Amino acid sequence: MSDPRRSVRIVLEAVEVAARPGYAVSVVKCAEDHPGWSPPEVADGHRMVLVRRGRFRRHARGVVADSDAAVGYLAAPGDEERFAHPAGGDVCTSVTFGARRWHELAGSGPARPAVYVDARLDLAHRRVVASAADPDYALAEAMVELVGRAITQAAEGPTPASGGRGDDAALVTRAREALAADVPAAVGLFPLAELLEVSPYRLSRAFPRAVGVSLTRYRNRLRVGRALDRLEAGERELAALAVELGFADQAHLTRTVREHTGATPAALRRLLAGERKGAAPRA
């Protein structure tokens, strides 16, 4: 019979799916079944953890709490944490934040550590994981929604996510100009919001209200237009084109172009080349 006081070794596999200044997203797996508590570890930053499969127990701030698909948690710097997995392994999404980014998203007020995960928050969580190919816009917008929903229901006071509206039309016009000019700050949602001196929440929410589509979709529409210009000119190096236009890789370019046009870049190149050859000569 094994000694129940034996030391507990938690087997973790952590895969970082996105990392940008101020935040990182990882998928964390715990594969070992152990009912005992792990050795204490101290949180070194702000972190939000949501469970994708399984459940576990967390001891922090003198409180023992269960986490599962319906209840996640927020960790603050300096929290001493211990974990137990009496029901077996689990798979979680862990989002870590630098202090500046966290306060920008969550504010500086107190928040309860437990986060109730309703269906809308669950959907926002799934969108974050599915958006890893585009960490600067698709993932960033999904994360803004995720943190906004989580912190709004966990916070004990007003948060940046609960701020009011401003002049959406003027803001979106400035953002569109920056995107069209491809200014350096247009590389991502957060730097673009800083350039425009607004919160990422306001910028992200302004686009659907003013244009009818998300900021990510609008930005992708511009990139697809640039891709079509190049394909019409006979561009054949799709991998290089993907890098030049800011896609993760050729597959990401292909998926985005197909989503917006219904055809792959290769098919569009053939189509546009054929139409160019069939065009009437100019006078």
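Biologist: What is the volume of the second largest pocket?
Modeller: The second largest pocket has a volume of about 330 Å³. Please keep in mind that this is a predicted model.

Biologist: Which residues are closest to its centre?
Modeller: Its lining has 15 residues, and S131, A138, T216, N220 and E259 are the closest to the centre of the second largest pocket.

Biologist: And which helix gives the most to that lining?
Modeller: That is α9, with five residues. At least two lining residues each come from α2 (119-130), α7 (215-232) and α9 (250-261).

Biologist: How many of the residues lining the second largest pocket are nonpolar, polar or charged?
Modeller: Three are nonpolar, seven are polar and five are charged.

Biologist: What about the largest pocket, what is its volume?
Modeller: The largest pocket has a volume of about 420 Å³. Its lining is made up of 22 residues, and L12, V28, R47, Y73 and S94 lie nearest its centre.

Biologist: Which elements give two or more residues to the lining of the largest pocket?
Modeller: They are β1 (12-20), β2 (23-30), β4 (46-53), β8 (80-84) and β9 (90-97). The most comes from β2, which gives five residues.

Biologist: And by class, what does that lining have?
Modeller: The lining of the largest pocket has 12 nonpolar residues, together with four polar and six charged ones.

Biologist: Let me step back to the whole chain. How many helices and strands are there?
Modeller: The protein chain has 10 helices and 10 strands. Its C-alpha atoms fill a box of roughly 90 × 45 × 30 Å along the principal axes. Of its 283 residues, 43% are buried.

Biologist: What share of the contacts joins residues 24 or more positions apart?
Modeller: Such pairs account for 70% of the contacts in the protein chain, taking those with a separation of 6 or more.

Biologist: You named L203. What does L203 touch?
Modeller: Leaving out residues up to four places away in sequence, L203 touches L171, A175, L189, L192, A193, L196, V198 and L215.

Biologist: Now H125. Where is it placed, and is it buried or exposed?
Modeller: H125 belongs to helix α2. It has a relative accessible area of 3%, so it is buried.

Biologist: Which residues is H125 in contact with?
Modeller: Neighbours within four places in sequence aside, H125 is in contact with L50, V51, R52, T93 and L146.

Biologist: And where is P135 found?
Modeller: P135 sits in the loop between α2 and α3.

Biologist: Why does P135 count as buried?
Modeller: P135 counts as buried because its relative accessibility is 10%, and the cut-off for buried is under 20%.

Biologist: What does P135 touch?
Modeller: P135 touches A18, R20, Y23 and A140, again without residues up to four places away in sequence. There is also a distance to report: P135 and L189 are 54 residues apart in sequence, and their C-alpha atoms are 9.5 Å apart in space.

Biologist: Last topic, the open sheet. What is the order of its strands?
Modeller: Four strands form it, in the order β3-β8-β5-β6, and the pairing is antiparallel.

Biologist: Why is one side of β3 and of β6 left without a neighbour in the sheet?
Modeller: β3 (41-42) and β6 (63-67) stand at the edges and each has a single partner strand, so one side of each has no neighbour in the sheet.

Biologist: How many bridges join β3 to β8?
Modeller: Two bridges join these antiparallel strands.

Technical notes
Residues numbered from 1 in each chain as written. Predicted model: local features only at pLDDT ≥ 70, side-chain atom pairs only at ≥ 80, totals over all residues. Heavy atoms only, no water. Contact = heavy atoms within 4.5 Å. 1 Å grid on protein atoms, 1.4 Å probe; cavity = no way out; pocket = protein on both sides within 12 Å on 5 of 7 lines; lining within 4 Å. Points joined across faces, edges and corners; volume = space filled by probe spheres on them. Nonpolar A, V, L, I, M, F, W, Y, C, P; charged D, E, K, R; others polar. Pairing = 2+ DSSP bridges. Buried < 20%, exposed > 50% of the residue type's maximum accessible area, 1.4 Å probe, protein only.
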